[in-house]
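Colleague: I would like to go through the labels on this model one at a time. Please give the value and the cut-off behind each.

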Amino acid sequence: MKATADDTVDDSRTDGTTDRTGTPDAPPGPARPARLRDFYENPAVPVASGDARSLRQARMLAAALAGTPGATVLDIGCGDGRAAVTAAPFLTGHRVVGVDWSQDALRRAAASFAAAPGELRAVRGELTDGGLPFADGAADAVLFSEVVEHLVDPDSALDEIRRVLAPGGHLMLSTPNLAAWYNRALLLAGVQPVFSEVSLRGIHGRPGREVVGHLRLYTARALREFLTASGFDVVRVAGAPFHGVPRPLRGLDRLACAAPSAASILLVHARRRREAGSRASDGSRSA
């Protein structure tokens, strides 16, 4: 998914010349983005971990909203809108709003939404630089699919998500699992874990070819503790397979989902913790 980080990366020259300090620049190589945002604006960067994850997450969300008619669901970091479109058939009667800072992503999401059933729309917003364009407690649920691993400041991101969620509101978060079953074996062999990246210009030290801009990775335990510390109560942690697993190993990858801590993808259902004196019923609010 498209991240909302805006920290810059080194944009020094790559033409082999010398900078003003007298230090030779790096030799010529692949073009690099002047800002991390530029990397995520590239439409060639993959934005999702596969339909299996989207379907499982959509079913979890539909079950969570079973007692909340006419709910408002924000898909934050919606990217091309794939997760929202997958969830739409399960969310009949609810309103889904895709949110992203990338204009390119919003154009693609709007095109996807136009052909999807249900009430879907796309708006521009970000988790930093002023926050999301929604009132406090405006949402009944937030989809946060494949975003947290891209963020420079995930603490502030969860603070903003907590702000826009109604007390007791649902957070459906998915992210790659650092402790996936194959990563445990790779680390024992001294190989960089899958999903981890040491460069925006190429994959080094591990299997795979796609660079997607992962900055942080989580285990199930770390993610649970992080969400709890950020004001959420974790309801359930589930697992999903990863479409990038080699075909001969996909059956094993599906089996690993029975033990979420070893699954390829972590799916977490959490709820915004109620403060003392907050209303007892969930209720529904509009953005």
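Colleague: How far can the coordinates be trusted, and where is the pLDDT below 50?

Modeller: This is a predicted model. The chain averages a pLDDT of 84, and 78% of the residues score at least 70. Over residues 1–34 the pLDDT is below 50, although the model gives this stretch 78 contacts beyond near neighbours in sequence. Residues 278–287 are also below 50, with 33 such contacts. Where pLDDT is low, the predicted coordinates should not be read in detail.

Colleague: Why is Phe144 called buried?

Modeller: Buried means under 20% relative accessible area. Phe144 has 0%, so the label applies. Phe144 lies in strand E4 and touches, among others, Ile76, Leu127, Ile161 and Leu171, leaving aside residues up to four places away in sequence. The C-alpha atoms of Phe144 and Ile76 are separated by 5.5 Å, while the two residues are 68 apart along the chain.

Colleague: What makes a set of residues a nonpolar core, and which members of the largest one touch the most others?

Modeller: The members must be buried nonpolar residues joined through side-chain atoms within 4.5 Å. The largest core has 33 residues, and Phe134, Val142, Phe144, Ile161, Leu171 and Leu227 touch the most other members. Among the elements that give two or more residues to this core are strand E4 (139–145), helix H5 (154–164) and strand E5 (165–176). Apart from it lies another core of 32 residues, including Ala141, Leu143, Val194 and Phe242.

Colleague: What makes the phi of Glu146 worth a remark?

Modeller: Most residues other than glycine have a negative phi. Glu146 is not a glycine, yet its phi is positive, about 55°. Glu146 lies in the loop between E4 and H5. At 3% relative accessibility, against a cut-off of 20%, Glu146 therefore counts as buried.

Colleague: Where is Phe195, and is Phe195 buried or exposed?

Modeller: Phe195 is in the loop between helix H6 (181–188) and H7. Its relative accessible area is 5%, so Phe195 is buried. Phe195 too has a positive phi, about 85°, without being a glycine.

Definitions and conventions: Residues numbered from 1 in each chain as written. Predicted model: local features only at pLDDT ≥ 70, side-chain atom pairs only at ≥ 80, totals over all residues. Heavy atoms only, no water. Buried < 20%, exposed > 50% of the residue type's maximum accessible area, 1.4 Å probe, protein only. Helix = DSSP H or I, 4+ residues; strand = E, 2+ residues; numbered from the N terminus. pLDDT = per-residue confidence, 0-100. Contact = heavy atoms within 4.5 Å.
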